[in-house]
Amino acid sequence: FSFGARLTHRRSRLMKNKFFMLFVVLTLAWTSACASLGRLSPAYTSFDHGRTLFNQGRFDEAIPYLEDATRDDPEFAQAYLYLGRAYISQSRWRAAIQPLRAAFRLSPRESQQEIMNLLLDAMFAAALNDFDLGGQRRPPARFNSTL
């Protein structure tokens, strides 16, 4: 190699390295931007508001937001989990079962045991709610017809 050829080769490698680094930086920026887009979705906005109300103990106010999140994104496991927990916090056992089942189905395996415990508690409490402490079955609720 002549001095001029080595200099040209070195510049070429340097330019390739710069382009490679630029490519890596742009790829990382694009990936993180795409990941944060989920947080801008209507489902996440509703969930975030509902979770804030839930954490403040305002379960009745949190439920509509959590329901909206599950409607906007039917695959949003965390929204189903918080919705089920909000129902449990209000002793609405039967209402808690469906969202907890959905949360179980959609959640990663490592979260499923906690959800299963909540689901079993809700089903057990719903069943006990149908019986009084003396073991007598309550008669079903009767509604007066307005027709």
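Helices (H or I, at least four residues) and strands (E, at least two) are DSSP runs, numbered from the N terminus. The model is predicted, so local features need pLDDT of at least 70 and side-chain atom pairs count only at pLDDT 80 or more, whereas totals for chains, interfaces and linings use all residues. Residues are numbered from 1 along each chain as its sequence is written, and side-chain values use heavy atoms, with hydrogens and water left out.

**Figure 1. Overview of the protein chain, with elements in the order α-α-α-α-α-α from the N terminus.** The chain has six helices and zero strands. It has 147 residues, of which 26% count as buried; buried means under 20% relative accessible area, exposed over 50%, and partly exposed in between (1.4 Å probe, protein chains only). A contact is a pair with heavy atoms within 4.5 Å. Among contacts with a separation of 6 or more, 41% are between residues 24 or more positions apart.

**Figure 2. Helix 2 (residues 42-55) and its cover.** Helix 2 has 14 residues, and from its first C-alpha to its last it reaches 20 Å. That span is close to the 20 Å expected at 1.5 Å a residue, the expected value being 1.5 Å times one less than the number of residues. The buried residues of helix 2 are A43, Y44, S46, F47, G50, L53 and F54. Helix 3 (59-72) and helix 4 (77-89) are included in what covers them. After helix 2 comes G57, with a positive phi near 80°.

**Figure 3. Salt bridge between D48 and R51 in helix 2.** A salt bridge is a side-chain nitrogen of Lys or Arg within 4 Å of a carboxyl oxygen of Asp or Glu. By this rule the model has three salt bridges. In the pair shown here, the closest N and O atoms of D48 and R51 are 2.9 Å apart. Because D48 and R51 are three residues apart in helix 2, about one helical turn separates them. An α-helix has 3.6 residues a turn, so residues three or four places apart point the same way. D48 is partly exposed, at 32% relative accessibility.

**Figure 4. Salt bridge between R58 and E61.** The closest N and O atoms of R58 and E61 are 2.7 Å apart. R58 is partly exposed at 36% relative accessibility. E61 is likewise partly exposed, at 39%. Side chains of opposite charge can pair when their charged atoms come close.

**Figure 5. Salt bridge between D68 and R71 in helix 3.** Here the closest N and O atoms are 2.5 Å apart. D68 and R71 are three residues apart in helix 3, which means that about one helical turn lies between them. D68 has a relative accessible area of 28% and is partly exposed, whereas R71, at 56%, is exposed.

**Figure 6. Packing of helix 5 (residues 93-106) and helix 6 (residues 109-129).** The two helices pack at an angle of about 160°, and their axes are 9 Å apart. Axes are lines fitted to C-alpha atoms, for helices over the stretch in contact, and angles run from 0 to 180 degrees between N-to-C directions. Helix 5 and helix 6 are therefore roughly antiparallel to each other; angles under 35 degrees count as roughly parallel, over 145 as roughly antiparallel, 65 to 115 as roughly perpendicular and the rest as oblique. From helix 5 the contact is made by W93, R94, A96, I97, L100, R101, A103 and F104, and from helix 6 by Q112, I115, M116, L118, L119, A122, M123, A125 and A126. The crossing of helix 5 and helix 6 is left-handed, a term used when the near helix is turned anticlockwise from the far one by less than a right angle, with right-handed used if clockwise.

**Figure 7. Buried residues of helix 6.** Helix 6 has 21 residues and reaches 30 Å from its first C-alpha to its last, close to the 30 Å expected at 1.5 Å a residue. Q112, I115, L118, L119, A122, A125 and A126 are buried in helix 6. These buried residues pack against helix 4 and helix 5.

**Figure 8. Surroundings of S107 and Q112.** S107 lies in the loop between helix 5 and helix 6, and Q112 lies in helix 6. S107 is buried, at 11% relative accessibility. Q112 is also buried, at 15%. Not counting residues up to four places away in sequence, S107 touches A77, Q112 and I115. With neighbours within four places in sequence left aside, Q112 is in contact with F104 and S107.
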